[in-house]
Protein chains: 2
Amino acid sequence: MAESMKGLKRTCRCAEVTKADIGKKVTLMGWVQKSRNKGGIIFVDLRDRSGIMQIIFENGPISEEGFEKAAKLRSEFVIAVEGEVMARSGAVNENLATGELEVKAESLRILSEAETPPFPIEEDSKTREELRLKYRYLDLRRPDIQRNLIMRSKVAMLTREFMSKEGFLEIETPMLTKSTPEGARDYLVPSRVHPGSFYALPQSPQLFKQLLMCSGYDRYIQIVKCFRDEDLRADRQPEFTQIDMELAFVDVDDVIDVNERLLAHLFKEVLGVEVQLPIQRMTWKEAMNRFGSDKPDLRFGMELVDVSETVKDTEFVVFKGALENGGSVRGINAKGQGAMPRKKIDKLVEFAKGYGAKGLAYIAIHEDGSWKSSFSKFMTEEQMEALIKAMDGQAGDLLLFAADRNKIVWNVLGALRLELAEQMGLLDKNEYRFVWITEFPLLEWSDEENRFTAMHHPFTMPMDEDLPLLDTDPGAVRAKAYDIVLNGTEIGGGSVRIHQNDVQEKMFEMLGFTKAQAHERFGFLLDAFKYGVPPHAGLAYGLDRLVMLMAKEDSIRDVIAFPKVKDASCLMTEAPSPVDAAQLEELGLEVEPQAEEETTEE
Amino acid sequence: MAESMKGLKRTCRCAEVTKADIGKKVTLMGWVQKSRNKGGIIFVDLRDRSGIMQIIFENGPISEEGFEKAAKLRSEFVIAVEGEVMARSGAVNENLATGELEVKAESLRILSEAETPPFPIEEDSKTREELRLKYRYLDLRRPDIQRNLIMRSKVAMLTREFMSKEGFLEIETPMLTKSTPEGARDYLVPSRVHPGSFYALPQSPQLFKQLLMCSGYDRYIQIVKCFRDEDLRADRQPEFTQIDMELAFVDVDDVIDVNERLLAHLFKEVLGVEVQLPIQRMTWKEAMNRFGSDKPDLRFGMELVDVSETVKDTEFVVFKGALENGGSVRGINAKGQGAMPRKKIDKLVEFAKGYGAKGLAYIAIHEDGSWKSSFSKFMTEEQMEALIKAMDGQAGDLLLFAADRNKIVWNVLGALRLELAEQMGLLDKNEYRFVWITEFPLLEWSDEENRFTAMHHPFTMPMDEDLPLLDTDPGAVRAKAYDIVLNGTEIGGGSVRIHQNDVQEKMFEMLGFTKAQAHERFGFLLDAFKYGVPPHAGLAYGLDRLVMLMAKEDSIRDVIAFPKVKDASCLMTEAPSPVDAAQLEELGLEVEPQAEEETTEE
């Protein structure tokens, strides 16, 4: 039975007791981690969010009745213990912050009993994730997840404090709003008062934060939920959290400056890591050429080498064809992987095909300096040697080549580079390598839509010197856009916004919007721009991803209290779920009957 | 044409310039509040979020070309000015923080031109709210609204800092979730992956924060959007913001203690107001008896007086009937209102009827001590005098009486008391009177549903000493619930939660839930309670209302950046709006055809 805590007051948390408290009385409350009876003494590990304290129940200091109660304790019981802090009489536990201490219990109350949990509450749980997420309230008791969520809380708080000191105002933007132009699928919310009409949940507060700049708020920040109804990947959730900001009267350098200082502050305060400022900047073009990615992982080298010039006269049709079609031939050098078995190389070829490659050419250099290659028969000895030299190939290296349109070559080698780094153990989670990627292309040609689309969004400002290209060579126009990349993950991105009506109209024209279409979608923003709009720019971080990297986790689900799984459902609450017919009727909606197979996950 | 700000850097905001800066160069950027040419000198009031600075354009300090540009400035143009800070040469403006200063412009750039806004940007705007909300981005430029939103940002920041120091963790709970038990109507979000299923937007994070306590997080805080699809009143929005908290291992006093200190901190830091601690506490019963309200405004007296005993022997059927039906007769004394014209009294009677009264009895005491009354013919002289004495009626007072069931009497006189205070000018927005209301009834009888409903929610803990009454007299059971009331507005409320499975089951039984129903709605909470749950309690503030009172506004729309109007629409974005048929098809939904009249506001 549950006893009341009436008359008791917790004095501190378990791991807040220090050696200075020896001899003092404390009242601790928490969960029984484990309990054992050894030679007539009961040892209980008491757990709360701070850590663990060993409690000793011994007849004498505690009454007989209390001792009997203690004998009944089982894992996950919630108890309150009064007792005296002592130096540990048994062996010191060096794994615990409180490992030199124990509390000799003088009274015990059982605040709540507990059934045996469906899986053990322990760090680095081996329990499968589905079961843990169904019982998320138990999973959240695990010390590693608790550390993650405590870290997340700290990151949010430090961010707010830092930005507040920098003059940023926290302003809340609406959740029930109109479709935003991010391009992903919106979550819709049917209106009851206006049947047949819908709100959209925001994909980001983009338009609102720009309006706030038009309204003179100057520096805006919000840590805010955003929503995208996309098919989920490991790194995605239907709802995710952005650290969202916007600044007026600034250009690229101002945004980068305040954000570098913010990141340095966070990493210093949370992890004790010094981020060297300024953070390296790299243009999009350089990032693609050197790393095949606009979010390069700089913790290791293995850079792409363009060997198009070296191989331009060979007869190898794969190389030749790529070059003739305006593409390129590039390679990476996997140092020391020259002895990789054929089977493993074949797997890399398959991997490359998954990224659009037609194949992968390789040269394996043996330790004796001889080599084996998939395409040497199409090349002269001199050509091969020139190629190896261009790649700085040494004894024991494995050289891998892709030949195709640039986009595919980058994509393939960028992915391959990461895959090899993973296999070769080059990714150290304790190392934090930041880089700003700048000068993104403004526009991307979409084959499906047969038009240019905005690489960031339609409000991104072109670089001043590229403005004339808008008419002559739109694909070559660079944007005042920037991403902040950490260890190969984009943790944030933003841009300077267009604040001139004429440039904005030109932009819409490039994107193929008629004036009427532009006005229907963004009318209130265009209207706002008529009444005096300051130059402004912004940036947003994915908080989930940022904390995931800081916590050295592989999944954002490990830094979100109540995450959803791949089919966008919550295993604990069983949301989404059917609703009453009456509720739908009030909304003026009907659910279409579904064929059985259509109701399964897409 | 818009000029670039390239090469310029804002040195500070307008009102950040002080006398210490005289002689220094500054670069200011902002909006032209007004501009006038006086004797060949152009005076511009430059506005940003900090305030206004007077800029002087005079040929000489500024080039001829610059001067010509300045001559073109109109309201709401966005400009950048470089110049020297000077003591004001003309008359000092005592209404401005910078009223003794001016900046002599040396260069000018027009960053953005502006059309004439549809209404003037000015404090205490006389423009009708509909127009202002349509152009909210302009309305938000008004200094009074800017002050409100800056205050709101400060309140949020101070709250987070304070609570963080008290050991509270900020933990985000889901927005896409399952129906919560608050009892209001949910906003639903159709699922695409699971057609025919819906998420609900949270009415509050109630269940999640209780689960976090079960998971050992100990002290939780979140400033979080909540949603209720109710017909709107002045004080309501479809989405609103809560300061939401929950604490484990605590009882009522612990929650009240930390919240009193939070409130005192906020009022001190934001308004310079000292809140005397401890804040007065009043039981629900006392509040109803003395003020006819569970959110009494203590800035003035005019308390209810129960005169049932005094009038119990009169022949006046209204009084007699009420008493015979178990009701009461109560009055209030509107001091000095004895000369109120009959017409105005009649309006009060109508007002009372709006709150359920069948009528209102009154005695107007003239300055000469004689009186006029609506019911004296049913009373003896002695009875009238006893009644006047019981009400402490003095020459010039107006005594008003309601007789009915207690609930109606409280309701009527509680409302009347506020109405009279308003008329009599007793409500001073500069005075802040807090009171905790405690010992609420646990259950309320619902005539419509013919069962008890939870006055707060089904997880509220009964008072220990009233537990036995659950079986014998459920309506008399008091709850460990508390509201914090400021100047007659409930700004927050909460309770100690049930943490014992058996008490929770009893509670569901009282509310008429079968075990299956309880499990369907709250299954995961009940499951969680099997595995060790600490005593816990919580509280939530309505941030919008709190800031509204602090900002001395009458509407929460004045402290929300992008509010909705009564029909839950946003006049600026025109949300909600119809969506593409393709979007609905993906969700497996059909909109029922609406008869014309049904599409109008309900």
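**Exercise 1: A buried pair in chain B**

At 0% relative accessibility, R141(B) counts as buried, where buried means under 20% relative accessible area, exposed over 50% and partly exposed in between (1.4 Å probe, protein chains only). Before going on, note that this is a predicted model, in which local features need pLDDT of at least 70, side-chain atom pairs count only at pLDDT 80 or more, and totals for chains, interfaces and linings use all residues. Residues are numbered from 1 along each chain as its sequence is written, chains are lettered from A and ligands numbered from 1 in the order in which they are written, and side-chain values use heavy atoms, with hydrogens and water left out.

Task: With which residue does R141(B) form a salt bridge?

Solution. 
- Step 1. Start with the rule: a salt bridge is a side-chain nitrogen of Lys or Arg within 4 Å of a carboxyl oxygen of Asp or Glu.
- Step 2. The partner of R141(B) is E76(B), and their closest N and O atoms are 2.8 Å apart.
- Step 3. E76(B) sits in the loop between α1 (64-71) and β4 (78-87) of chain B, and R141(B) in the loop between α3 (136-139) and α4 (143-165), so the pair ties together parts that are 65 residues apart in sequence. Helices (H or I, at least four residues) and strands (E, at least two) are DSSP runs, numbered from the N terminus.
- Step 4. E76(B) is buried too, with a relative accessible area of 2%.

**Exercise 2: An annotated histidine**

Task: Where is H456(A) found?

Solution. 
- Step 1. H456(A) is in the loop between β19 (451-454) and α13 (469-472) of chain A.
- Step 2. At 27% relative accessibility, H456(A) is partly exposed.
- Step 3. Leaving aside neighbours within four places in sequence, H456(A) is in contact (heavy atoms within 4.5 Å) with F440(A), A481(A), D483(A) and G494(A).
- Step 4. An unreviewed UniProt entry annotates E182(A), R228(A), H456(A) and R497(A) as "binding site"; such annotations may be inferred rather than shown by experiment.

**Exercise 3: A sheet in chain A**

Solution. 
- Step 1. This sheet has five strands with antiparallel pairing; two strands pair if DSSP finds at least two bridges between them.
- Step 2. The edge strands are β12 (305-306) and β15 (371-373) of chain A, each pairing on one side only.
- Step 3. Three bridges join β14 (residues 361-365) of chain A to β15(A), and A364(A) stands opposite K372(A) in β15(A).
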